[in-house]
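Please keep the sequence and the structure in view while reading.

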Amino acid sequence: MTCLKEDLIRELKKEILEGDAEKARGIANKLLKRDFDPLEAINRAVTPAAKEVGEKFGKGEIFLTDLMFSAEAMQAANQVFLEKLSEQKRETKKIGKVVLATVAGDIHDIGKNIVKLLLDVNGFEVIDLGADVPSSAIIDRALESNADVIALSALMTTTRPSQKEVIDILREMNVRDKFIVMVGGGSVNEEWAEEIGADGWAETAEEAVKLAFKLIREKRGE
Ligand code: B12
């Protein structure tokens, strides 16, 4: 049985690399039928396959169309896993309000959507502004909704400066201290987070949830 599950994980990665959304969705469903944990499946199949596809694209071994097919396959599998995860939602009182967006110029939203769901199932209220969101729109919404956290995703070295822009504008408006600013996404690391004056960075969606809990508690002096 274990062996079959491992085979399915391998197959899922292969179908993502080959860009077959239908097969990827089918395997994702099979994994769930065999009680495979959806988050583990994302971490062990979707995320590593995404990395591999990205590396191949970066090296010019595959074309943009291949990348797009692979992205569809990732999304098809993730849809199955995220739906399952959303069934695990705990009905607790809201821990805090998070305004979440992929920054201006960047349309990558697969990782952001995982972050959204995990925050949501763990009791945060998430206002998801989508992808390619101008800094001013993120700030307006955070102010309007009296958010606790602004969470910014950026996948490209060319778009991560938009994370800095959000922080710079908050400072100019003298409202930087009103919000916890968390950054993440494939192009971001701890060094960058420190350099731009973010309150925190996390490598994965699970870590992002832990970080949000920690930063909110610290801010409230708990
Ligand atoms: C899928 C993909 C696409 C899909 C996106 C589909 C979609 N709806 O998102 C498509 C095909 C559309 C695409 C387009 C492009 N892409 Co692209 N893409 C990727 C790829 C292969 C995977 C990204 C992904 O989904 N990873 C899986 C998720 C789960 O990981 P993640 O996003 O990092 O998220 C996790 C964590 O980072 C964290 N996290 C995420 N957000 C946040 C936020 C916070 C606050 C926190 C705390 C944590 C956190 O939690 C998540 C789950 O654990 C990457 C390769 C890579 N290594 O990232 C390239 C990559 C990002 N793309 C790249 C490029 C160049 C492009 C294009 C410019 C290509 C082109 N010539 O048109 C366009 C960009 C258009 C634009 N303006 O944005 C480059 C970027 C290079 C750079 N400059 O840095 C990469 C790195 C590939 C490469 N090696 O060249 N892409």
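Ser 135 belongs to helix α6, which covers residues 135-145; helices (H or I, at least four residues) and strands (E, at least two) are DSSP runs numbered from the N terminus. The model is a predicted one, in which local features need pLDDT of at least 70 and side-chain atom pairs count only at pLDDT 80 or more, while totals for chains, interfaces and linings use all residues. Residues are numbered from 1 along each chain as its sequence is written, and side-chain values use heavy atoms, with hydrogens and water left out.

The side chains of Ser 135 and Glu 165 make a polar contact at 2.5 Å. A polar contact is a pair of N or O atoms within 3.5 Å; within protein, one must be able to donate a hydrogen and the other to accept it, and residues adjacent in sequence count only if both atoms are side-chain atoms. When residues up to four places away in sequence are not counted, Ser 135 touches Ser 162, Glu 165, Val 166 and Ile 169, contact meaning heavy atoms within 4.5 Å.

## Domains and nonpolar cores

The protein is divided into domain 1 (2-86) and domain 2 (97-219), with bounds that come from an automatic or database domain assignment. The C-alpha centres of the two domains lie 25 Å apart, and the contact between them takes 10 residues from domain 1 and eight residues from domain 2.

The largest nonpolar core has 45 residues, of which Leu 12, Leu 31, Phe 81, Leu 118, Leu 119, Phe 124 and Met 182 touch the most other members. Domain 1 and domain 2 both give residues to this core, so it lies between them. A nonpolar core is here a set of buried Ala, Val, Leu, Ile, Met, Phe, Trp, Tyr and Cys residues joined through side-chain atoms within 4.5 Å. A second, separate core of 24 residues includes Ile 138, Ile 139, Ile 167 and Ala 193. In soluble globular proteins, nonpolar side chains tend to be buried together.

Leu 119 is placed in helix α5 (residues 110-121), and its relative accessibility of 0% is why it counts as buried. Apart from residues up to four places away in sequence, Leu 119 touches Val 98, Phe 124, Val 126, Val 209 and Ala 212.

Asn 78, found in helix α4 (residues 64-86), counts as buried because its relative accessibility is 3%. Leaving aside neighbours within four places in sequence, Asn 78 is in contact with Ile 42, Val 46, Ile 110 and Ile 114. Pro 48 lies in helix α3 and is partly exposed, with a relative accessible area of 27%. Pro 48 touches Lys 13, Ile 42 and Asn 43 when residues up to four places away in sequence are not counted, and its C-alpha lies 19 Å from that of Leu 118, 70 residues apart in sequence.

## Loops and positive phi values

Which backbone angle of Asp 35 takes a positive value? For Asp 35, a residue other than glycine, phi is near 60 degrees. Asp 35 is found in the loop between α2 (21-33) and α3 (38-58), and it counts as exposed because its relative accessibility is 67%. Asn 146, also not a glycine, has a positive phi near 55 degrees; Asn 146 is located in the loop between α6 and β3 (149-153) and, at 52% relative accessibility, counts as exposed.

Gly 197 lies in the loop between α8 (190-196) and β5 (200-201). Residues up to four places away in sequence aside, Gly 197 touches Ile 167, Arg 171 and Arg 176.

## A charge over a ring

The charged end of Arg 160 sits over the ring of Trp 192, 4.3 Å from its centre. This assignment requires NZ of Lys or CZ of Arg to be within 6 Å of the ring centre and within 35 degrees of the ring normal.

Methods
Buried means under 20% relative accessible area, exposed over 50%, partly exposed in between (1.4 Å probe, protein chains only).
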